[in-house]
Amino acid sequence: MKIYEHNTETGQAVERDMTAAEVKQWKADQALAELAVLAVAKANAEKEALLTKLGITADEAKLLLS
Amino acid sequence: MTNPTSNYGWVLPTSTDLVTDLPADFEVALQGVDTTTKALNPSTTLGDIEFRSATANTNTRLPIGTTGQVLAVSGGVPAWTTTADVTPLTTKGDLFTFTTVDARLGVGTNGQVLTADSTAATGLAWATPTSGSMTSIASGSFPTGSGTLSLTSISGAYTHLQLHCIAWNGSGNNTVIARLNGDTGANYTFSNGGFTTGSARASGLGSQTSFNLCSGDSAISGNNKNITVLDIPFYTNATTGKIVNASTGFLDATSARAQTTMNGYYSGTNAAVTQIDFIYGSNWSGGTYVLYGVK
C-alpha cells in the first residue's frame, strides 16, 4: 500500500509505503465504508419490502407522507 | 533730426547756439543719452535680465534666479519660480504622486495592488490583497500507485481552503473519505445528501473516524471522471472545531450519474488545519488535484 505525500510548504511530493499503522487504518476505513454501503443497501431493501407488503409504489408512499 | 529727439527727447545744440555754449549743450545732450541708456539697461550683476516696465523707456532689472528655477509670469511681469514640473521619478515602476509637493512612490512588490491610504503622505500605498484572491498552494496528478493523497504542512496564511479533485478515477467500486491533521479519532460528524442509485439520499453519522464524502455509496471507477470540491472555511480558527463541506459528482454502483454532498464538523482539536488526507479505496488511475488558499 502506498501513500502520496505532498508537502505544500516545500512543494516536494513523494510516494512511500504506508506504515503498518497506516495500513491498519486504511483497512479500517474501507471496512467502515463498506459497512455504510451495506447499511444503505439494507435500508433500501427494507424499504422495498415494506412497499411490497403494503402494495404501494414509492411515489404513492411519498404522496401519503406529503 | 528733431530737437529734442523724437524717441528719447534728448535736447541737442541748435544752430543759433553760441560756440561757447557748446560744451554745456553737449553736456545736456549726452547726459540725456546716459540717463536713457541706464534706464534701458539697469543690469548690474552677472545673469541679470531686463524687461519693459510700466514706465516708458525704462526697463526693470530682474536678478538671476537660483539653480533649477524657471522664468514664469507673476503679477503680469516675468519672475523666477521654482518649477513644479521637475520629475521626482528615479526608478523603474515609480509613480508620480503628490504630498504637498511632487513626490515619488516606488513600485510595490509582485502581486501587490495600489490602494488609497489616508495615513500615507501621498494618500496611496502598495498593499497585498486581503480579499478576493485564490492562491494555488499545491497541485499535481493523482499517482497511479496509491489511493491516499496527503497534503501536509499547509500554510495558515489564508482564511479558507478549497481542494479541487478533478477527473479522478480508479479501479473497482470504492468510496472516498477525508481526514484532517491525520486524526483517526472518532471526531467526525457529517451528513450526506444527494441523488444516487435512482433516488434522493439523506443520511447522517456521528463519532466517525473520517468524513465519508459519499456515505452509503461507492464512487465507481472504470472510465468515469469524478469530481470533488472540498471546502474548509476558517481553517486556522483556534477556538472551535472545523466545518468541512464537500460536493462530489460521480457514477454510482449502477453506473448512473450521481451527486452527493457532505456537510461535516470536525471536533477533534481546535488547532489549525495543516494536513488534509483524501483517501480512495483503491489506487487512482487518473485525475488532478489543486489545493487553493482563499483570502
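Along its sequence, chain A follows the pattern β-β-α-α, where helices (DSSP runs of H or I, at least four residues) and strands (runs of E, at least two) are numbered from the N terminus. This is a predicted model, in which local features need pLDDT of at least 70 and side-chain atom pairs count only at pLDDT 80 or more, while totals for chains, interfaces and linings use all residues. Residues are numbered from 1 along each chain as its sequence is written, and chains are lettered from A and ligands numbered from 1 in the order in which they are written.

Of the 66 residues in chain A, 14% are buried, a term that requires 20 or more other C-beta atoms, placed from the backbone, within 10 Å of a residue's own.

The strands of chain A belong to an open, mixed sheet of six strands, ordered β2(A)-β1(A)-β10(B)-β19(B)-β12(B)-β15(B), with strands taken as paired if DSSP finds at least two bridges between them. β2 (13-17) of chain A and β15 (211-212) of chain B stand at the edges with a single partner strand each, so one side of each is left without a neighbour in the sheet.

Strand β1 (residues 2-7) of chain A runs parallel to β10(B), joined by four bridges, and A:Asn7 has B:Thr152 as its bridge partner there.

Conventions:
A residue is buried if 20 or more other C-beta atoms lie within 10 Å of its own, exposed if 12 or fewer, and partly exposed in between; C-beta atoms are placed from the backbone.
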